[in-house]
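Dear colleague,

Please find below the sequence and structure that I am handing over to you. A summary of the findings follows.

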Amino acid sequence: MSEKDYERAREAYREGGVDSESAIERVLSIPISVHCWQGDDVIGFDGAGTLSGGIQTTGNYPGRARNFEELKADLHEAFSLMPGKKRLNLHASYAIFDGEKVDRDAYRPEHFDPWIDFTKEEGLDGIDFNPTLFSHPMLVDGLSLSSPREEVRKFWVRHVISSLRISEHIAERMGSPVLMNIWIPDGFKDVPADRLGPRLRLKKSLDEILATPYDRKKVIVAVESKVFGIGVESYTVGSNEFYQNYAALKGICCLLDNGHYHPLEYVSDKIPSLLAFHEKVALHVTRGVRWDSDHVVSFEDELKEIAREIIRNDADERVLIGLDYFDASINRIAAWAIGERNVRKALLYAALMPNERWRELQDKASFTSLYAEQEEWKTMPFGAVWDECLRRAGVPGRNWTEEVGRYEREALSKR
């Protein structure tokens with residue numbers, strides 16, 4: 001679309017009481033944390049080789065990143081297609097060892113200095129970090145922090161404590177707080193004989209981890225629940241009820257992954273509930289399809305509702321947005337770009353709504369007018385404003401897949 005199309009759209013929104021200029025500026029300033037693991041199918045660099053622990057990547061599209069240099073190059077290419085402020089989301093399994101043999105319970109901050117250097121070169125807003133409690137021989141019987149085997153439980157406690165130290169180091173070097181998110185795959189395939197015991201052991205492990213001194217201004221600790229995973233369909237130790245209560249008790253952050261709930265539960269409804277009690281809420285944006293939570297994000301209704309809750313509650317700095325999906329059935333650069341662009345698109349869509357007026361209509365019980373206006377708003381010229389947003393961000397518009405094709409021919413096809 002042309003600049004004239006944008007000017008007409010801008011006027012249409014202005015007549016409806018919305019400033020499209022402010023909306024574009026606002027949305028481009030919201031950081032989205034881009035997950036490194038889309039580029040290599042969550043394999044990592046610490047020798048795992050395959051993915052295990054209730055998660056799975058499907059597809060075998062050519063060109064998977066096989067090492068640090070390839071993953072950096074792919075991320076650089078993907079970032080060039082993404083509008084707005086960005087962060088890098090790292091898993092601990094992407095440590096850089098340079099030939100050194102180190103197990104996960106002994107990872108050190110310097111193993112991530114190359115990532116910090118890369119992030120600074122890219123001009124990103126910061127780094128977020130995740131302990132990696134899957135794809136490892138010490139995930140015995142599918143259990144980590146909840147294991148009845150003390151040597152196993154203690155190994156993973158040490159790993160998360162080392163991740164706390166790494167996160168603090170990253171925050172100091174980047175000058176930006178790090179969201180450190182804890183997700184575990186622990187659970188059982190069939191109905192358990194004991195539901196309470198594993199959760200008490202998980203609580204004990206988390207208590208030991210949080211007893212480690214760390215700077216809460218530099219590291220925001222979050223816990224992430226899940227309904228189930230592959231091979232743990234009947235019982236998940238880290239359930240939503242467990243983690244929400246634990247986070248409230250300890251004053252840490254809940255992370256909501258919108259693919260980790262029953263299909264009829266909506267994260268868009270959970271966000272304002274948590275905002276009523278927590279200063280910050282963390283978010284992993286994915287797309288659930290039946291049982292699988294890790295599809296590339298689409299510009300669909302629930303994503304729009306999630307974005308509306310962030311925007312209309314002025315929670316730009318309170319909801320920490322990250323991406324979390326891994327698709328090996330399509331070009332991985334395209335998968336990254338599609339997801340980030342759709343999250344940004346949903347935020348812009350939400351910022352272009354007359355949220356204050358609609359709130360007033362609701363408070364006055366003017367439900368007929370509210371319903372009618374919301375329906376009419378769906379045909380506003382949003383596309384022209386999105387195109388203008390991309391132009392101002394200096395990234396390719398609707399023909400961006402041509403750049404992906406060029407990179408595939410020149411780089412991915414030669415791997």
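**Cavities, aromatic pairs and nonpolar cores**

The largest cavity has a volume of about 190 Å³; a cavity is a set of points, on a 1 Å grid over the protein atoms alone, where a 1.4 Å probe fits but cannot get out, and the volume is the space filled by probe spheres set on the points, which are joined across faces, edges and corners. This is a predicted model, in which local features need pLDDT of at least 70 and side-chain atom pairs count only at pLDDT 80 or more, while totals for chains, interfaces and linings use all residues. Residues are numbered from 1 along each chain as its sequence is written, and side-chain values use heavy atoms, with hydrogens and water left out.

The whole structure holds four cavities of 30 Å³ or more. The largest cavity is lined by 16 residues, of which H91, F134, W183, E224 and D324 are the closest to its centre; lining residues have an atom within 4 Å of a point.

Two of these lining residues, F134 and W183, also form an aromatic pair: their ring centres are 6.0 Å apart and their planes at 65°, so the pair is edge-to-face. Rings of Phe, Tyr and Trp (its six-membered ring) pair if their centres lie within 6.5 Å, and planes under 30 degrees apart count as stacked, over 60 as edge-to-face and the rest as tilted. Both F134 and W183 are buried, that is, under 20% relative accessible area with a 1.4 Å probe, protein chains only.

In total, 16 aromatic pairs were found. One of them joins Y13 and W377 edge-to-face, at 5.9 Å centre to centre and 65° between the planes. Y13 belongs to helix α1 (residues 3–15) and W377 to helix α12 (residues 367–377), so this pair ties together parts that are 364 residues apart in sequence; helices are DSSP runs (H or I, at least four residues), numbered from the N terminus. Y13 and W377 are both buried. Elsewhere, ring pairs link F97, Y107, F112 and F129 into a cluster.

The largest nonpolar core has 128 residues, and L88, W115, L145, L283, I321, L347 and L348 touch the most other members. Such a core is a set of buried Ala, Val, Leu, Ile, Met, Phe, Trp, Tyr and Cys residues joined through side-chain atoms within 4.5 Å. Helix α10 (residues 332–351) gives the most to this core, with twelve residues. A second, separate core of six residues includes L179, I220, A222 and A282.

Yours sincerely

Terms used:
Helix = DSSP H or I, 4+ residues; strand = E, 2+ residues; numbered from the N terminus. Buried < 20%, exposed > 50% of the residue type's maximum accessible area, 1.4 Å probe, protein only. 1 Å grid on protein atoms, 1.4 Å probe; cavity = no way out; pocket = protein on both sides within 12 Å on 5 of 7 lines; lining within 4 Å.
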